[in-house]
Amino acid sequence: MSFQFNFDDSDLEIETDSNQSKNVSYTLPSSALTLSNLSNNKPKDLIPTGEISLESLLQTLLNVRLTYSKFPISSTSSIVRRELYDIRHQIMSESDPTSSEEIVNLDFLDKDDLLRNVYEGGLTTWECSIDLVKYLSSLNEQMNTSKDIIELGCGTSLPSLYLFNHVYLNNSSNTYNFALSDYNEYVLRLVTLPNILINWYDLVSANHKTKQQLDSTQENKDTIAENEFTITHSLIEMFLNDIKSKHINIGFIKGTWSSELINIVNNNLNTNDRLVLTSETIYQPDTMPLLTDTLMQLKRNNYDRIILATKDIYFGVGGNLIDFLNYLKNAYSNDYKYEVIKSGTSNRSLVIL
Ligand SMILES: C[S@@+](CC[C@H](N)C(=O)[O-])C[C@H]1O[C@@H](n2cnc3c(N)ncnc32)[C@H](O)[C@@H]1O
């Protein structure tokens, strides 16, 4: 394993669990959700799962102006990403005080916070997603064979953006399918999809001729600053045609982790190579088993890979890596091998399944 966390004080440790028969004690909290008890225990406010097409989500963003900046991943690489103030600006300009939809209380945007079953933190980038990007960038060769890329709890979706950029630049004749899933539909609309568009725009802008084509999609060019563009009909058309020519498909899933989510993935993504990514999603003890079940059901065989990036413990909320591993051992004792890559001093880990 060549990957290392690039933290100054990194103390890399790799733990591989090959002792499949080891029994560990884990007591499922009575309020915990699993795939098998979800239909009986579902909290009333849990958002149902649903599929959203790229085309329909793009239409909801028509005439929205996006402002973006580079988000450094390492000293040599970066991903472009929508600015938080820009998301806030869109929310304010669209907010309808008479609407009953609880879009986003602006207070949430000032801190990395959660409101259980309402808003689960997807509008901001959490630090483990950067660990996941760094890990993916250490795997370039293997990644070339992954054709179905699924990110659960994607939020700003840095890991998928990294892979999107990689696949786009690779010019492969393979088809690549991305399924981006988040609890809140407005996260997919306000940040996940805009981030894909922004990364695509940034990539294609590098070519002088394509940049001219991009410019022709902008109606009031003079009022547009650098690192800004408006989502117009012609820009959407150019984007859709271009990713089609690169054999890249993108779809979205909103709502809770569930059997419906697994069905949507299985109905749409059927290549032999499946990579499931998730970052900072085991913080809530009640939904950790549901996420784990969903991940394990998405893993169809030993070739499919799951990579989870997580803090070792979520103070104040209670979720933690040990409970995740113990639930995994209890519920799936014979079905898996895993590896934990830990940074001894940062209290963050990657679990590879
Ligand atoms: C703390 S955020 C992390 C976002 C992103 N992965 C990152 O690392 O920056 C947790 C993510 O998990 C998603 N999530 C939380 N609970 C969920 C549930 N029950 N079903 C589906 N998604 C959920 C949220 O929508 C949110 O995007």
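Trainee: Which residue lies over the face of Tyr-168?
Mentor: In this predicted model, Lys-246 sits over the face of that tyrosine, at 4.2 Å from the ring centre.

Trainee: Moving to ring pairs, how many aromatic pairs are there?
Mentor: The count comes to nine aromatic pairs. In one of them, the rings of Tyr-26 and Tyr-327 have centres 5.7 Å apart and planes at 70°, so the pair is edge-to-face.

Trainee: Where do Tyr-26 and Tyr-327 lie?
Mentor: Tyr-26 belongs to the loop between β1 (12-17) and α1 (38-41), while Tyr-327 is in helix α12 (residues 321-331), so the pair ties together parts that are 301 residues apart in sequence.

Trainee: Is Tyr-26 buried or exposed? And what about Tyr-327?
Mentor: Tyr-26 is buried, with a relative accessible area of 16%. Tyr-327 is buried too, at 8%.

Trainee: What is the geometry of the pair Trp-200 and Phe-239?
Mentor: Their ring centres are 5.2 Å apart and their planes stand at 75°, so this pair is edge-to-face.

Trainee: Which residues do ring pairs link into a cluster?
Mentor: Tyr-68, Tyr-201 and Phe-229 are linked in that way.

Trainee: Back to α7, then. Why does the distance between its end C-alpha atoms agree with what it should span?
Mentor: Helix α7 covers residues 185-205, and at 1.5 Å a residue its 21 residues should span 30 Å; the end C-alpha atoms are 29 Å apart, which agrees.

Trainee: Where is the kink in α7 centred?
Mentor: The kink is centred on Pro-194 and amounts to about 25°.

Trainee: How many residues of α7 are buried?
Mentor: The helix is mostly covered, with 18 of its 21 residues buried.

Trainee: Now Phe-252. Where is it found, and is it buried or exposed?
Mentor: Phe-252 is in strand β8 (residues 248-254). It counts as buried, at 0% relative accessibility.

Trainee: Which residues does Phe-252 touch, not counting residues up to four places away in sequence?
Mentor: Its contacts beyond that range include Leu-188, Thr-192, Leu-193 and Ile-196. Others among them are Gly-50, Glu-51, Ile-52, Ser-53, Leu-54, Leu-57 and Leu-180.

Trainee: What separates the C-alpha atoms of Phe-252 and Leu-193?
Mentor: The separation is 8.9 Å, for two residues that are 59 residues apart along the chain.

Trainee: One more residue: where is Thr-210 placed, and what does it contact, leaving aside neighbours within four places in sequence?
Mentor: Thr-210 is in helix α8 (residues 208-216). Apart from those neighbours, Thr-210 is in contact with Val-204 and Met-238. Thr-210 is buried, with a relative accessible area of 17%; the cut-off for buried is under 20%.

Trainee: And the protein as a whole: how many helices and strands does it have?
Mentor: There are 12 helices and 12 strands. Of the 353 residues in the protein, 55% are buried.

Trainee: Among contacts between residues at least 6 apart in sequence, what share joins residues at least 24 apart?
Mentor: Among those contacts, the share is 77%.

Key: Residues numbered from 1 in each chain as written. Predicted model: local features only at pLDDT ≥ 70, side-chain atom pairs only at ≥ 80, totals over all residues. Heavy atoms only, no water. Helix = DSSP H or I, 4+ residues; strand = E, 2+ residues; numbered from the N terminus. Expected span 1.5 Å × (residues − 1). Bend = angle between axes of the 7 residues up to and from the residue. Buried < 20%, exposed > 50% of the residue type's maximum accessible area, 1.4 Å probe, protein only. Phe/Tyr/Trp six-rings, centres within 6.5 Å; stacked < 30°, edge-to-face > 60°. Lys NZ or Arg CZ within 6 Å of the ring centre and 35° of its normal. Contact = heavy atoms within 4.5 Å.
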